[in-house]
Amino acid sequence: MPTLTRGPSGPSGSEPHRHRRVAESFGTDAARYDRARPPYPDALVHRIVAALPGRDVLDVGAGTGIEARQFTAAGCTVLGVEPDARMAAFARRGGVEVEVARFEDWEAAGRRFDAVVAGTAWHWVDPVAGAVKAGQVLRPGGLLAPFHHVPQLPAEVAGALAEAHRRVAPDSPVDLGRLKGSALDASQPLFTRIADGIRRSGLFGAPEQWHVAWERTYTREEWLDQLPTFGALTGLPPDGLREVLDAVGAVVDARGGQVTVPYTTVAVTALRSGDA
């Protein structure tokens with residue numbers, strides 16, 4: 001889920017990459033993350049692969065290897081870069097090659113790629129420095145394609161989640177209250193920042209947005225299993241997390257014990273320009 005930060009602007013509000021400690025907290029339960037987080041639509045993976053000049057993919061913020069395994073299944077050779085050593089270790093056990101580093105600090109050592117992708121991770125990367133780094137490691141005609149899941153939670157589920165989170169973490173930089181409106185509208189500033197960073201790098205053609213709509217129905221257990229993997233919740237103390245899960249679980253119970261979540265997976269894509 002893209003991070004929805006408080007405030008319209010400012011380094012402490014609208015720039016999630018300045019809160020990297022959250023990005024580096026997911027490894028506290030890597031197995032849950034890999035089990036509970038949904039994969040990416042095959043249609044998006046195949047569209048990205050079809051646009052590439054070759055099949056060498058760099059996966060930024062590879063996490064437990066969810067999207068890396070999907071690109072491998074689509075015929076690509078994938079190298080992951082992941083700042084959390086615990087997540088990287090889990091991905092390696094699943095057959096994904098991963099190097100531990102923040103992308104902006106990672107050393108390519110002369111290696112070049114046909115795509116730089118990032119699955120619900122590019123918001124943790126400095127949008128300009130990340131685009132410059134991607135441009136440096138892409139072959140001419142290569143594709144930068146960070147993509148994010150945007151879930152549209154049912155209003156009562158979003159409301160219960162936001163209200164409980166506000167009670168237990170009133171000073172959190174993450175504003176889950178925005179989930180109660182249009183998730184795509186709330187996420188659009190993130191995609192605008194990504195596109196602006198790509199433009200400012202001066203290394204790419206005009207960025208585009210690709211949208212893939214889909215939905216998933218979760219049981220109560222599946223939904224409550226996924227919630228602790230949200231960046232806003234990973235750092236909560238156990239009693240605070242339990243309060244949030246109990247509040248959301250009560251709403252899901254009232255809905256018959258399941259919740260259907262429409263998703264839009266949004267990719268911001270741009271082709272590496274020039275012949276460098």
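The views below come from a predicted model.

View 1. The protein has 10 helices and seven strands. It is built from 276 residues, and 57% of them count as buried. Now take the contacts with a separation of 6 or more. Residues 24 or more positions apart account for 77% of those contacts.

**View 2. Helix H4 and its surroundings.** Helix H4 covers residues 66–73. Its buried residues are Ile66, Glu67, Ala68, Gln70 and Phe71. These buried residues pack against two helices, H2 (30–36) and H3 (42–50). They also pack against strands E1 (56–60), E2 (77–82), E4 (113–119) and E5 (138–151).

View 3. Strands of a sheet pair through backbone hydrogen bonds, either parallel or antiparallel. Here seven strands form an open sheet, and the pairing is mixed. Read across the sheet, the order is E3-E2-E1-E4-E5-E7-E6. Strand E3 (97–100) and strand E6 (208–219) are the edge strands, and each pairs on one side only. On average, neighbouring strands of this sheet are turned by 20° against each other, direction ignored.

View 4. E1 and E2 pair in the parallel sense, over five bridges. Look for valine 57: it stands opposite valine 78 in E2. E1 is mostly covered, with four of its five residues buried. On to the next pair. E2 and E3 also run in the parallel sense, paired over four bridges. Here glutamate 82 faces valine 100 in E3, standing opposite it.

**View 5. Helix H6 on the sheet.** Helix H6 spans residues 127–137 and packs on the sheet. It touches E1, E4 and E5. The direction of H6 makes about 140° with that of E5.

**View 6. Helices H7 and H10 cross.** Two packed helices are described by the angle between their axes and the distance between the axes. Helix H7 is made of residues 155–168, and helix H10 of residues 238–254. Their axes come within 9 Å and cross at roughly 160°. Therefore H7 is roughly antiparallel to H10. The crossing of H7 and H10 is right-handed. On the H7 side, the contact is made by Glu156, Val157, Ala160, Leu161, Ala164, His165, Arg167 and Val168. On the H10 side, Gly240, Glu243, Val244, Ala247, Val248 and Val251 take part. The residues of this contact divide into nine nonpolar, two polar and three charged.

**View 7. Histidine 165 and the residues around it.** Is histidine 165 buried or exposed? Histidine 165 lies in helix H7. Its relative accessible area is 2%, so histidine 165 is buried. Set aside its neighbours within four places in sequence. Histidine 165 is then in contact with Pro170, Ser172, Val174, Leu176, Ala232, Leu233, Leu236 and Val244.

**View 8. Valine 174 in its loop.** Where is valine 174 found? Valine 174 sits in the loop between H7 and helix H8 (183–201). With a relative accessible area of 9%, valine 174 is buried. Compare its place with that of alanine 162. Valine 174 and alanine 162 are 12 residues apart in sequence. In space they are 9.9 Å apart, C-alpha to C-alpha. Valine 174 is also among the residues in contact with histidine 165.

Definitions and conventions:
Residues numbered from 1 in each chain as written. Predicted model: local features only at pLDDT ≥ 70, side-chain atom pairs only at ≥ 80, totals over all residues. Heavy atoms only, no water. Axes fitted to C-alpha atoms, helices over the stretch in contact; angles between N-to-C directions. Parallel < 35°, antiparallel > 145°, perpendicular 65-115°, else oblique. Left-handed = near helix turned anticlockwise from the far one by under 90°. Contact = heavy atoms within 4.5 Å. Nonpolar A, V, L, I, M, F, W, Y, C, P; charged D, E, K, R; others polar. Buried < 20%, exposed > 50% of the residue type's maximum accessible area, 1.4 Å probe, protein only. Pairing = 2+ DSSP bridges.
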